[in-house]
Amino acid sequence: MASSSSCRAWHCVLAFFLLSSTAYGQLSPSFYDKSCPTLQRTVRATVAKALRAERRMGASLLRLHFHDCFVQGCDGSILLDDVAGSFVGEKTAFPNVNSVRGYEVIDQIKKDVELVCPGVVSCADIAALAARDGTSLLGGPSWAVLLGRQDSTTANMMEANSDLPAPSLNLDGLIAAFAKKQLSPRDLTALSGAHTVGFSQCQNFRGHIYNDTNIDPAFATLRQRTCPAAAPNGDTNLAPFDVQTPLVFDNAYYRNLVARRGLLHSDQELFNGASQDALVSQYAANRALFVSDFATAMIKMGNLAPPTGAVTQIRRNCRVVNS
């Protein structure tokens, strides 16, 4: 039942974007069917190998795609390395530095894809497919990824610092940040469910566990054991978003929010006596509804396009612009 309802939902979204004149280029799930027919098998095999080595990588690849799309569209700009004296990328932006992971996995996928389809598949599309496969391999939903993106020749550290939602945001700030990307409050609450897997650093949740009152005291005490009150002590110490099943993509995140056990301030803002409480409660009770809405929102987010007139290419190496 869960699978069929989920498919119905994202099929509707696919139909909308495929028929929409505002869609990013000519994105289509079948974009590479002729030019690189083994693409999806190749990506999934490499992602599966990465997850066998470190299961947490599934969550990291999902986050990498999100951080790519929220900065000048889903264009692979986050993958570009800094070049001393000539190019500043997004990897050293505050939300990304020493935090976003998975670059080496994208490199390996690109290498594997280039062996079978040289010069055909963009790094941006690889990141989108890796996010989907990382999610499904952790037990989450799958969806038909719209393909045909191209890679940016620029990056935007300023936009990364301003547009990636901070863990300190309140609900109004979160809704505004997502609205800026044409994503609804429902999309916000569904996409936040990505925090049902993975970990966060102490510096991101210290304020919540020491200063906020909308938190279960026992949970705050648990997290304080490995996150000292005085910064920068323990800044990079990790804690799971979901204590019960940190590496299984389920709906436990929402049950945690209802129990006031959200790890970040921004997490708990989704269930704090305001507009998203009812939806959080629905997701907590109905996994099928959550995974359906999550897949739908991922397709919408993956459709975020680069700025009009942006110069794009198919990078040979995801870390550098083609010379």
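The legends below describe several views of one predicted protein model.

This is a predicted model, in which local features need pLDDT of at least 70 and side-chain atom pairs count only at pLDDT 80 or more, while totals for chains, interfaces and linings use all residues. Residues are numbered from 1 along each chain as its sequence is written, and side-chain values use heavy atoms, with hydrogens and water left out.

View 1. Helices (H or I, at least four residues) and strands (E, at least two) are DSSP runs, numbered from the N terminus. Along its principal axes the C-alpha trace spans about 55 × 50 × 40 Å. Of the 323 residues, 54% count as buried, where buried means under 20% relative accessible area, exposed over 50%, and partly exposed in between (1.4 Å probe, protein chains only).

**View 2. The largest pocket, with a volume of about 1,100 Å³.** On a 1 Å grid over the protein atoms alone, a pocket is an open set of points with protein on both sides within 12 Å along at least five of seven lines, a cavity is a set of points where a 1.4 Å probe fits but cannot get out, and lining residues have an atom within 4 Å of a point. Grid points are joined across faces, edges and corners, and a volume is the space filled by probe spheres set on the points. Helix α3 (57-69) is among the elements that supply at least two residues of the pocket lining, and its six residues are the largest share. The lining divides into 26 nonpolar, 18 polar and five charged residues, with Ala, Val, Leu, Ile, Met, Phe, Trp, Tyr, Cys and Pro counted as nonpolar, Asp, Glu, Lys and Arg as charged, and the others, Gly among them, as polar.

**View 3. The largest cavity, with a volume of about 80 Å³.** A search of the whole structure finds one cavity of 30 Å³ or more. Its lining includes H65, W143 and M298, and α14 gives the most to this lining, with three residues. By class, the lining of the cavity has seven nonpolar, two polar and two charged residues.

**View 4. F199 in strand β2.** With a relative accessible area of 28%, F199 is partly exposed. Not counting residues up to four places away in sequence, F199 touches R56, L238, A239, P240, F241, P246 and L247, a contact meaning heavy atoms within 4.5 Å.

**View 5. Backbone geometry at P232, N98 and R260.** Most residues other than glycine have a negative phi, and most peptide bonds are trans. The peptide bond from A231 to P232 is cis, with omega near 5 degrees, and P232 lies in the loop between α10 (217-224) and β3 (238-240). N98, in the loop between α3 and α4 (103-116), has a positive phi near 50 degrees and counts as exposed at 70% relative accessibility. R260, in the loop between α11 (252-258) and α12, has a positive phi near 60 degrees and is partly exposed, with a relative accessible area of 30%.
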